[in-house]
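This report describes one structure for a reader who has not seen it before. The sequence and the structure come first, and the description follows.

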Amino acid sequence: MGVERDVAYVWAYRAAAEREARVRFTRLSERLGEIQASSEVIDLAARASEDEVRHERICSEIAVCFGGPPVAQERAEVPEVAPARFSLADRVLYEVVGFSCIVETLNASLMTATLEVARDPRIRSVVREILRDEVGHSRFGWAHLAWSRARGEGAFLSGALPRMLEGAAKEELFLPDEADPGGRLVELGNLPRSQRLAVFRESLESVLFPGFEALGVATTPARTWLADLLRQSTSEPKSPITAPRSGPSA
Ligand SMILES: [Fe+2]
Ligand SMILES: [Fe+2]
């Protein structure tokens, strides 16, 4: 029963993250309209918000399926993460980069790695559905970043990336790591922390950093942050850390 409980916990956690993502995309789609972003990007944000409603539901269903309580449907309060002194366009860009370019890309990488090992058909079906949509959500972020960079915006991003990554790392990396005798948790799609860290690193080094650099966003501070994280993760005991849910913070 312990394994089932751990699986239920992770999917309830994801359901809450999907709810926050829905609120964030709804707010972004309105603000992208206010700053007269490209109509394609505004439509993508609105569609992403609808996707996240579905993701929250299917994540909750998996949590319940593995014995978790029904996930409360209360309205999520999702604070803004960009510095309040920024212009609206910069606050929107900060949030789009932190959540769409970074969190959605990392989530897609994690879902891809999960599909490679998960054997349970219920988990595989949900992961496949979420993966398909999250790839689109990250493309939305990159499209808006490219549009903003072409207009000479986003000079703050290079210095802000470490804080964004710090928030994103909390999303999945620091979920508690449970003992997994017999590999049952992995069969059910719960990757061990060491593997989540490897996916995180690979995604940063092969997708995110090159993507930012191609758009003229220097990644030296972000690469230094990653090197520090990797150093800490090999020198610190692997005690489970129950991080509070928070995204890339300002
Ligand atoms: Fe989602
Ligand atoms: Fe998403």
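## A buried glutamate

E18 has a relative accessible area of 6%, so it counts as buried. The model that gives this value is a predicted one. E18 is part of helix α1.

Although buried, E18 forms no salt bridge, and R14, the nearest side chain of opposite charge, lies 7.0 Å away. The side chain of E18 does make a polar contact of 3.3 Å with that of H55. Leaving aside residues up to four places away in sequence, E18 touches E52, H55, E56, C59, I130 and E134.

## The site of ligand 1

Which residues coordinate the iron ion (ligand 1)? They are E18 (OE), E52 (OE), H55 (ND1) and E134 (OE), at 2.0 to 2.3 Å. The angles that these four donor atoms subtend around the iron ion (ligand 1) run from 80 to 142 degrees, and the arrangement is therefore irregular. To count as tetrahedral, four donors would need all angles between 85 and 135 degrees. For four tetrahedral donors, the ideal angle at a metal is 109.5 degrees.

Along the sequence, the donor residues of the iron ion (ligand 1) follow the spacing E-x33-E-x2-H-x78-E. E18 belongs to helix α1 (residues 2-34) and E52 to helix α2 (residues 39-65), so this pair ties together parts that are 34 residues apart in sequence. E52 has a relative accessibility of 0% and so counts as buried.

## The site of ligand 2

The iron ion (ligand 2) is coordinated by E52 (OE), E104 (OE), E104 (OE), E134 (OE) and H137 (ND1), at 2.0 to 2.4 Å. The spacing of the donor residues in sequence is E-x51-E-x29-E-x2-H. Here E52 in helix α2 and H137 in helix α4 (residues 121-150) link distant parts of the chain, 85 residues apart. Both E52 and H137 are buried.

How far apart are the iron ion (ligand 1) and the iron ion (ligand 2)? They lie 3.3 Å apart, and E52 bridges them.

E134 is buried and has no salt bridge; R54 is the nearest side chain of opposite charge, at 8.6 Å.

A polar contact of 2.8 Å connects the side chains of E134 and H137. Not counting residues up to four places away in sequence, E134 touches E18, E52, H55, E104, N107 and A108.

## A loop residue

Q36 is found in the loop between α1 and α2. Is Q36 buried or exposed? Its relative accessibility is 64%, so Q36 counts as exposed.

The phi of Q36 is near 55 degrees, a positive value in a residue that is not glycine. Most residues other than glycine have a negative phi.

## The chain as a whole

The protein chain has eight helices and zero strands. From the N terminus on, its elements run α-α-α-α-α-α-α-α.

Of the 250 residues in the protein chain, 52% are buried. Among contacts between residues at least 6 apart in sequence, 82% join residues at least 24 apart.

Notes: Residues are numbered from 1 along each chain as its sequence is written. Chains are lettered from A and ligands numbered from 1 in the order in which they are written. This is a predicted model: local features need pLDDT of at least 70, side-chain atom pairs count only at pLDDT 80 or more; totals for chains, interfaces and linings use all residues. Side-chain values use heavy atoms; hydrogens and water are left out. Donors are N, O and S atoms within 2.8 Å of the metal (3.2 Å for Na, K and Ca); water is not among the atoms, so sites may look incomplete. Four donors count as tetrahedral if all angles lie between 85 and 135 degrees; four count as square planar and six as octahedral if opposite donors are over 155 degrees apart and all others between 65 and 115; anything else is irregular. Helices (H or I, at least four residues) and strands (E, at least two) are DSSP runs, numbered from the N terminus. Buried means under 20% relative accessible area, exposed over 50%, partly exposed in between (1.4 Å probe, protein chains only). Lys and Arg count as positive and Asp and Glu as negative; His and the chain ends are not counted. A salt bridge is a side-chain nitrogen of Lys or Arg within 4 Å of a carboxyl oxygen of Asp or Glu. A polar contact is a pair of N or O atoms within 3.5 Å; within protein, one must be able to donate a hydrogen and the other to accept it, and residues adjacent in sequence count only if both atoms are side-chain atoms. Contact means heavy atoms within 4.5 Å.
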